[in-house]
Amino acid sequence: MSTSVPREGNPRATRALESSPHDDGRTPAQQVADLAARVAREGLPAELRDDLAARTVDLLGNCLGARREEPGRIVSAVVDEWGGTGTSTSFADGSSLPAPSAALVNGTLAHSLDFDDTHLPSVLHPSAAVLPAAFAVAEAVGASGPAFLDAAAIGVELTCRLGMAGYDEELGNSVFFEYGQHATAICGAVGAAVAAGMLRGLSAEQLTSTIGIAASMGAGVIEANRTGGTVKRVHCGWAAHAGVAAADLARHGLTGPPTVLEGRFGFLQAFCGDRVRIDEVTEGLGERWETLRVFYKPYPCNHFTHAGIDAALALRDRGVRPDDVERLVLGIPAPVMRTIAEPPEEKARPRSGYHGAFSGPYTVAAALTGDRGGLGVSHADFTDAAAADPARLDLASRVECVPDDEATAGFPRAFPAVLTAHLHSGETLTERVRDNRGGPYRPLSPAEHGTKFAMNGGTRELADRVWDLRGDLSPRDLAAELRSYQRND
């Protein structure tokens with residue numbers, strides 16, 4: 001196995017592990033299970049553990065930032081009614097819960113702010129489903145930090161590969177989404193299950209059954225994106241909960257079909273019909289890592305807006321000020337026009353801070369007028385008061401969104417943008433962003449991860465401690481430090 005990410009070369013490619021799995025008649029689920037069992041025994045290279053440590057910093061910060069959100073409160077109330085023997089920590093309040101319940105709460109928090117990482121081009125959010133399940137089980141069984149990171153890496157990898165199996169190149173979109181299904185929740189349940197099973201010490205045969213069981217549990221429809229409702233924020237929590245449950249069922253002897261992924265009535269056929277690419281699950285397995293393609297969100301808003309923010313911040317660094325601007329033209333991929341540019345009158349005057357997070361014009365205006373908190377744009381830019389600020393709205397009204405051919409060509413493996421400022425002086429300045437900040441080609445530094453963690457309400461000291469999971473810090477020890485922090489918060 002090697003740790004490389006596909007593109008035209010990879011700046012983060014690393015050394016190979018000892019050997020690679022070969023297709024010798026094993027089903028895709030069996031191949032994944034064999035890899036998972038082997039990684040549980042032998043471990044992963046430092047580069048992948050570094051990557052998952054960063055994802056844990058990101059996830060824990062997002063959870064802390066969402067503690068006061070309504071979905072987390074509701075889910076916490078439900079699991080409190082369920083009761084049970086506490087083995088794992090709730091990131092909401094530090095209470096001790098059964099592992100499946102802790103996974104449900106923490107997965108809900110992880111996805112509540114829409115600040116979680118994103119895999120491209122499948123556009124799913126793997127860490128929010130997988131890491132809460134892995135952490136809950138790792139804490140319950142007393143696993144080491146490296147064992148937790150290894151299991152989380154395999155779970156994230158499987159989640160991304162299942163998402164890619166349902167990605168239609170010709171369509172340029174996920175078949176899951178075309179059918180109104182939330183790929184994150186559906187694929188994430190299976191990835192979470194494998195991670196939980198690895199930490200429970202399951203054999204390759206049991207892990208195959210774990211995949212077969214979890215495939216009956218993944219669920220999530222995205223109608224709420226169209227007409228409202230807060231249920232989507234629970235999707236990752238339920239996927240994490242299902243993953244822990246699936247691993248426990250397999251541990252106690254329940255079995256699943258080995259052909260569950262590719263079979264006539266299997267997972268991919270059921271969700272995506274004939275428009276699947278099963279080879280995406282196994283091609284280069286253990287050698288090519290989709291995990292390293294997962295983008296972080298440096299800004300707390302829709303990911304399609306991020307390159308525009310990057311460009312606006314760059315113009316600001318070049319000295320552009322709102323009063324200098326006659327008009328701005330934001331070029332974006334044609335498929336994202338309907339999300340962040342239409343209808344133009346609503347995007348120029350968002351009804352709330354939440355609506356502002358899905359507006360190309362508003363986010364550009366925020367980047368040019370805000371106080372540069374966080375990593376350049378922060379939660380403070382998406383309050384209702386900020387979205388009603390006359391100066392911001394005036395600048396947003398001068399932003400025109402247009403489809404850009406080069407940005408469209410790069411989508412959805414990146415979310416590119418080009419921003420052109422036409423100044424009152426007659427000067428024209430342009431910033432083109434081909435690779436989003438936070439992706440593998442413009443990675444966030446550990447210090448920037450600490451900044452985001454602090455922006456979400458944590459401390460830099462606690463963020464720094466999370467990195468020690470690569471060494472002698474266990475999830476159980478980290479959970480104890482988190483509880484101490486929450487008591488003093």
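This is a predicted model: local features need pLDDT of at least 70, side-chain atom pairs count only at pLDDT 80 or more; totals for chains, interfaces and linings use all residues.
Residues are numbered from 1 along each chain as its sequence is written, and side-chain values use heavy atoms, with hydrogens and water left out.

Buried here means under 20% relative accessible area, with exposed over 50% and partly exposed in between, using a 1.4 Å probe and protein chains only. Among the buried residues of H9 are Leu207, Thr210, Ile211 and Ala214. Around them you will find helices H1 (28-42), H6 (145-165), H8 (183-199) and H11 (235-251), against which the buried residues of H9 pack.

Now turn to one of those partners, H8. The axes of H8 and H9 come within 9 Å and cross at roughly 150 degrees; axes are lines fitted to C-alpha atoms, for helices over the stretch in contact, and angles run from 0 to 180 degrees between N-to-C directions. That makes H8 roughly antiparallel to H9, as angles over 145 degrees count as roughly antiparallel, those under 35 as roughly parallel, 65 to 115 as roughly perpendicular and the rest as oblique. On the H8 side the contact (heavy atoms within 4.5 Å) is made by Ala189, Val190, Ala193, Val194, Gly197 and Met198, and on the H9 side by Leu207, Thr210, Ile211 and Ala214.

Helix H6 leads us to another pair. The axes of H5 (residues 126-141) and H6 come within 9 Å and cross at roughly 150 degrees, which makes H5 roughly antiparallel to H6. H5 passes H6 in a right-handed crossing. Residues in this contact include Val130, Leu131 and Phe135 of H5, together with Phe148, Val156 and Cys160 of H6.

Next comes the open sheet, whose four strands have the order S8-S7-S9-S10 with mixed pairing; two strands pair if DSSP finds at least two bridges between them. Strands S8 (399-403) and S10 (428-433) stand at the edges with a single partner strand each, so one side of each is left without a neighbour in the sheet. From one strand to the next, the twist averages 15 degrees. S9 (residues 417-423) and S10 run antiparallel and are joined by six bridges, and here threonine 420 stands opposite threonine 430 in S10. Helix H18 (residues 360-369) packs on the sheet, touching S7 (325-332), S8 and S9, and its direction makes about 125 degrees with that of S7.

Finally, look at the cysteines. The structure holds zero disulfides, a disulfide being a pair of cysteine sulfur atoms within 2.5 Å. For cysteine 272, the nearest cysteine sulfur is that of cysteine 187, 7.4 Å away. Cysteine 272 counts as buried, at 0% relative accessibility.

Technical notes
Helices (H or I, at least four residues) and strands (E, at least two) are DSSP runs, numbered from the N terminus. A crossing is left-handed if the near helix is turned anticlockwise from the far one by less than a right angle, and right-handed if clockwise.
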